[in-house]
Amino acid sequence: MIRPLHPVRLVFLGIVLLLATPPAGFAVTPEELLADQALETRARALSKQLRCLVCQNQSIDDSDADLARDLRIEVRRQLSGGASDDQIIANLRATYGDYVLLNPPVSPGTYILWGAPVAILIGGAAIILAARRRRGDAETARDESRTQTAVPLPPGTGRMAIMLGSLVLATSLGIYLMIGRADLPGQPLAERMAELAAAAASEGTAAAAQQAALAEARAAAAANPNDIASWLRLAMAAAAGGESNTELAALEQAETLTNGDPAIRAMRAEAMSRAADGQVTVPVRTLIADILAADPAEPRALFLSGLAAYQDGNYEAAIAIWRQLQALSAPDAPWMELLAQNIADAAQAGGIDPGTLPGTVPGPDEETIAAAAEMSAEDRTAMIKGMVDGLAARLAETPEDAAGWRRLARAYIVLERTADAATALIGAADAMPDDAMAQLSALEHLMVNGLGQDFTPDAGRLLERAARLAPDNPETLYAGGHFARLAGDTGRARMLWQQLFDRLPEDAPIRDQLQAAIDQL
């Protein structure tokens, strides 16, 4: 005879079982966790809805299988990329089927999963009712036998109940053996083994190709240490291979070779943020501030600035910055869709209407962007040209709009209208006469594109301001020598370039080139 457990023993047994049960999320390792607590909370909630494909009825949040870990990392990667919960679920269902969900939807492929419990319950109820009816009939027969001749039960009643019970048990056991046993892999996975093996092989090939590209880029940069393009290619190859330290080192070298070009500095800020799991850290914020002081329209820096405001909970500022970036960008710029999604997320998080914020500059609406995406290249160029011409006409009436001039210059560069871009950059410099970088940016454009002869009066004006604002700046000295040489004043060109040469460190990559230019004078 089995004795019931004493209540105290029951409590003790419950504590033992509780201590023996691993806590939820035991399989999640520290390196998987996202720095953003809000994203990590969403990741854990999603992981609890997804099935481990090589386990039995276990979520990827609880499983320590390698495939479960890969799925957790994929969920966090998509979250960090800005995907919504519904998008992530849809992406995983498209890859693994409905079986990846712990609670799959009712469909022809899942009828047996949803119908089996109902059938078992109905069968069990039928057995119970049949047994109760048989017992009632037996009791009635016994009562009647006391007064009259006993009435026998219908032949086969007991056998029918036993057969029915056996059928239900056999059905339940069959379902369990087919799809429910803990030692069996999930059937959808078994059907996709060839596909998954091919995907794994493809990933291995891609990883090998990435490593080969990285090794080639590293060798090219080592062989050509003064080639900016080689360092940028190494940075991109390192980013594709997930080697953030190599990427940052390559970008720092490219930044040195370009004397702190804002675009390359912005690439480095983006890489630093990516290495910090998408967080805009204090060093990144300091770098962004310096970049925007030099170039207020730098797109990467503007995006990161808005992201920093978003992470601080300052949703109005984030929307304002991202709307400014929208206005500065071409309608078909690749980041426009992401900007629109981020603005919508910030508006939802802050409970605000982005269109009502004061001081925001509206960008192209969704209809304009969609129309541009469906246009031919010629029609899109014509549409952009019309928008650019309209902006140029407005700036002719409001020449003090420095941001507008910079936006116009970028549009002209996209349209490959180099001379018009120079005019726009000069307009921005004239709108900011006390900004040394604005003067130097315009001068640099003139030098790089060989436009000095066509803009001599403008170059003289810009040089005068640059010499007043930043007389010792290397770019000021180089630009002064360049335009002095164009004007035929080789003595002044030699003097300015010699001053620059004397200020350069011994290992400066342009030192030999500058010495050669001085010798030619």
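Modeller: Let's start with A442, which is found in helix α20, residues 436-448. Helices here are DSSP runs of H or I with at least four residues, and strands are runs of E with at least two, both numbered from the N terminus. A442 has a relative accessible area of 1%, so it counts as buried. That word means under 20% relative accessible area, while exposed means over 50% and partly exposed lies in between, using a 1.4 Å probe and protein chains only.

Before we go on, keep in mind that this is a predicted model: local features need pLDDT of at least 70, side-chain atom pairs count only at pLDDT 80 or more, and totals for chains, interfaces and linings use all residues. Residues are numbered from 1 along each chain as its sequence is written, and side-chain values use heavy atoms, with hydrogens and water left out.

Which residues does A442 touch, not counting residues up to four places away in sequence? They are L425, I426 and L462, where contact means heavy atoms within 4.5 Å. Take L462: 20 residues separate it from A442 in sequence, yet their C-alpha atoms are 7.9 Å apart in space.

Now look at helix α21, residues 456-469, which holds both D458 and R461. These two are three residues apart, about one turn of the helix. An α-helix has 3.6 residues a turn, so residues three or four places apart point the same way. D458 and R461 form a salt bridge, with their closest N and O atoms 2.9 Å apart. A salt bridge here is a side-chain nitrogen of Lys or Arg within 4 Å of a carboxyl oxygen of Asp or Glu. R461 is partly exposed, because its relative accessible area is 27%.

The largest nonpolar core has 43 residues, and W231, L234, A269, I288 and W322 touch the most other members. Several helices each supply at least two residues of this core, among them α8 (193-223), α9 (228-240), α12 (282-294) and α15 (336-350). Apart from that core lies another, of 32 residues, including A438, L451, A459 and L463. Such a core is a set of buried Ala, Val, Leu, Ile, Met, Phe, Trp, Tyr and Cys residues joined through side-chain atoms within 4.5 Å.

Leaving aside neighbours within four places in sequence, I288 is in contact with A269, V280, A301, L304 and S305. S273, which lies in helix α11, also has L304 among its contacts, along with G278, Q279, V280 and V284, again leaving aside neighbours within four places. At a relative accessible area of 4%, S273 is buried.

E270 forms a salt bridge with R300, and their closest N and O atoms are 2.9 Å apart. This pair links distant parts of the chain, with E270 in α11 (residues 262-275) and R300 in α13 (residues 299-311), 30 residues apart. E270 is partly exposed at 33% relative accessibility, and R300 is partly exposed at 34%. In the loop between α10 and α11 sits N259, which has a positive phi of about 55° although it is not a glycine. N259 counts as partly exposed, at 49% relative accessibility.

R76 forms a salt bridge with E40, with the closest N and O atoms 2.8 Å apart. R76 lies in α3 and E40 in α2, so the pair ties together parts that are 36 residues apart in sequence.

Finally, step back to the chain. Its secondary structure comes to 24 helices and zero strands, and buried residues make up 34% of its 521 residues. A search of the whole structure finds 20 salt bridges. Among contacts between residues at least 6 apart in sequence, 52% join residues at least 24 apart.
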